[in-house]
Amino acid sequence: MSQAIQTLRDQLHISHSQLFTYINCSLKYWFNYVQRVPGKHSSIALHFGKAIHGALEAYYTALQQTGDILPLSELESVFASKFYQSMELVNVPILYKKDMPDTPSAIFMGNKMLQAFHKEISLDGYTIEAVELPLSAPLYNHNAEPQDIQLIGIIDLLLRDNKGNLVVVDHKTSKQAKSQSSVDEDLQTTAYSYLLAANRYVFPRAEVQGRFDVLRKLKTPKFEQYHTSRGPTDRKRFAKLSAAVLAGIENRVFIPCRSWLYTDCEFSESCHNW
Ligand code: SF4
């Protein structure tokens, strides 16, 4: 972990994924981030996603620093080493999925997805501004008073297009295609837009362009890109939403909410006994 990312995490903070967890099941937030209850299992999808992120980070870092395109074999090797490293760090059983029933099938799928990425990716019309950019910014309460807690986030890739606009790119792996409405409502892009505006990367009233680079987990994987944007109204709504979440945490409002998002919740036993 870089020093900049460690410094970011040392602050009293809340990240997008913590906000997302609270909004979707505040009791899961309580188990995970307040009580730090050890989960009963660890999903293969988590380790898989981290390893793909690691390979793409290596690709863009090499491109930014040296102008070289890493060969596919190197991406595959970074992916495999990050995948094994990530799984070794947990001491609970790994929960495998139908599309990845064991480790070799996950490696096979990851390699095929990286092949699709390597073949399809093009940076024509863009320059790389930053790779894995750590940012933080203050959050406010309902009276617009700054809180001690900072919003933190690490942007996967920040590009500049040939019109001079910043484009926030988020790498995703998914079996399903994304709908435009899910892309337009995605909270993570709004959080990044908030962080960029607060850190003066863009003017307060400027639109921030967002892009999802999605690697689809299919028999023949596909690489797809989805475009969106966020403006000052979205950032204002995000600030209100964050204030509501912080008020809920401060007042210890933690309610179970069963959702399709968490069908394999690692806290189901603690939840049952709650
Ligand atoms: S099992 Fe469902 S309701 Fe319970 S904590 Fe997990 S996500 Fe929330």
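Predicted model: local features only at pLDDT ≥ 70, side-chain atom pairs only at ≥ 80, totals over all residues.
## Helix pairs

Two packed helices are described by the angle between their axes and the distance between the axes.

| Pair | Crossing angle | Axis distance |
|---|---|---|
| H5 (residues 72–88) and H6 (residues 103–120) | roughly 140° | within 10 Å |
| H2 (residues 16–24) and H8 | about 135° | 10 Å |
| H2 and H3 (residues 26–34) | roughly 135° | within 5 Å |

The pair H5 and H6 comes first. The axes of these helices cross at roughly 140°, and the crossing of H5 past H6 is right-handed. On the H5 side, the contact is formed by Leu72, Leu75, Glu76, Phe79, Ala80 and Phe83. On the H6 side, Ile107, Gly110, Asn111, Leu114, Gln115 and His118 take part. Sorted by class, the residues in the contact of H5 with H6 are seven nonpolar, four polar and one charged.

One of the H5 residues in this contact is Ala80. Ala80 is partly exposed, because 17 C-beta neighbours lie inside 10 Å. Between the C-alpha atoms of Ala80 and Phe48 the distance is 9.4 Å, while 32 residues separate them in sequence.

Helix H2 packs with H8 at an angle of about 135°, and the two helices are therefore oblique to each other. H2 passes H8 in a right-handed crossing. From H2, the residues His16, Leu19 and Phe20 meet Leu187, Gln188 and Ala191 of H8. This contact of H2 with H8 has four nonpolar residues, two polar residues and no charged residues.

H2 also packs with H3, where the axes come within 5 Å of each other. The crossing angle is roughly 135°, which makes H2 oblique to H3. H2 supplies Gln18, Thr21 and Tyr22 to the contact, and H3 supplies Ser26, Lys28, Tyr29, Asn32 and Tyr33. By class, the contact of H2 with H3 divides into three nonpolar, four polar and one charged residues.

## The nonpolar core

How many residues does the largest nonpolar core have? It has 55 residues, and Ile52 and Ala55 are those with the most contacts inside it. Helix H4 (residues 44–66) gives the most to this core, with eight residues.

Leaving aside residues up to four places away in sequence, Ile52 touches Phe79, Gly110, Met113, His171, Thr173 and Leu215. Among these, Phe79 belongs to the H5 side of the contact with H6, and Gly110 to the H6 side.

Is Ser242 buried or exposed? Ser242 is buried, because it has 23 C-beta neighbours inside 10 Å, and the cut-off for a buried residue is 20 or more. Ser242 sits in helix H9 (residues 232–250). Apart from residues up to four places away in sequence, Ser242 touches Leu19, Leu139 and Leu151. Leu19 is also one of the H2 residues that meet H8. Leu151 is 91 residues from Ser242 in sequence, yet the C-alpha atoms of the two are 8.9 Å apart in space.

Gln65 lies in helix H4. Gln65 counts as exposed because 10 other C-beta atoms lie within 10 Å, and the cut-off for an exposed residue is 12 or fewer. From Gln65 to Gly164 the separation is 99 residues in sequence and 21 Å in space, C-alpha to C-alpha.

## Two residues with positive phi

Most residues other than glycine have a negative phi, and most peptide bonds are trans. Arg200 is not a glycine, but its phi is positive, at about 60°. Arg200 is in the loop between helix H8 (187–198) and strand S7 (208–216). With 8 C-beta neighbours inside 10 Å, Arg200 counts as exposed.

Which loop holds Arg252? Arg252 is in the loop between H9 and helix H10 (268–272). Arg252 has a positive phi of about 55°, although it is not a glycine. Arg252 also counts as exposed, with 9 C-beta neighbours inside 10 Å.

Note on methods
Residues numbered from 1 in each chain as written. Axes fitted to C-alpha atoms, helices over the stretch in contact; angles between N-to-C directions. Helix = DSSP H or I, 4+ residues; strand = E, 2+ residues; numbered from the N terminus. Left-handed = near helix turned anticlockwise from the far one by under 90°. Contact = placed C-beta atoms within 7 Å. Nonpolar A, V, L, I, M, F, W, Y, C, P; charged D, E, K, R; others polar. Core = buried A, V, L, I, M, F, W, Y, C linked by C-beta atoms within 7 Å. Parallel < 35°, antiparallel > 145°, perpendicular 65-115°, else oblique.
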